[in-house]
Amino acid sequence: MLNIDKIRNGIVIDHIKAGQGIRIFNWLGLDKTSNTVAFVVNASSRRLGRKDIIKIDSTIDINFDILGLIDPQITVNVIKNERITEKINLKLPEMVENVILCKNPRCITSTEKYIPHIFRLENPNERTYRCEYCDDICSAGDFTR
């Protein structure tokens, strides 16, 4: 059995759909951090069957909207003095800015690079978002990185 030490103060990103953890790891830039990070792939889970887990032995700023966009089933646990002090259940954000790129070549965001890419949640069941400028619909998976 794999043994990963407890963290004193930090964040545990749990219930990540198996195989999606690397996407979150890269989005958060955890490969460039000086903090200790444990990245567990395909751990057993009663709820999901298999899951990925990311443990960060430090408190860092995380954009929860982006995590919710990747997978709204993710749970974020904030750890202080080796205890869970806060459990954050994510959801699809109602609006995202500069996270999804508009695929419409006629959209103003394609030609005017200074304009922010703003999308509003169109259909939560299909995880689709509508561009604020051209009304094009994009998937929650169309990330800028």
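**Around strand β3**

Phe39 has Ile54 in β3 as its bridge partner. This is a predicted model, where local features need pLDDT of at least 70, side-chain atom pairs count only at pLDDT 80 or more, and totals for chains, interfaces and linings use all residues. Residues are numbered from 1 along each chain as its sequence is written, and side-chain values use heavy atoms, with hydrogens and water left out.

Start with the strands. Strands (E, at least two residues) and helices (H or I, at least four) are DSSP runs, numbered from the N terminus. Two strands pair if DSSP finds at least two bridges between them. β2 and β3 run antiparallel and are joined by 7 bridges. They form a hairpin, with 3 residues between them. β3 also pairs with strand β1 (residues 10-17), again in the antiparallel sense, over 5 bridges. There, Ile56 in β3 stands opposite Ile11.

How enclosed is β3? Buried means under 20% relative accessible area, exposed over 50%, and partly exposed in between (1.4 Å probe, protein chains only). In strand β3 (residues 49-56), 6 of the 8 residues are buried, so the strand is largely enclosed by the rest of the structure.

Now return to Phe39. Rings of Phe, Tyr and Trp (its six-membered ring) pair if their centres lie within 6.5 Å; planes under 30 degrees apart count as stacked, over 60 as edge-to-face and the rest as tilted. The count is 1 aromatic pair. The ring centres of Phe25 and Phe39 are 5.3 Å apart and their planes are at 15 degrees, so this pair is stacked. It links distant parts of the chain, 14 residues apart: Phe25 is in helix α1 (residues 21-27), Phe39 in strand β2 (residues 37-45). Phe25 is buried, at 15% relative accessible area. Phe39 is partly exposed, at 29% relative accessibility.
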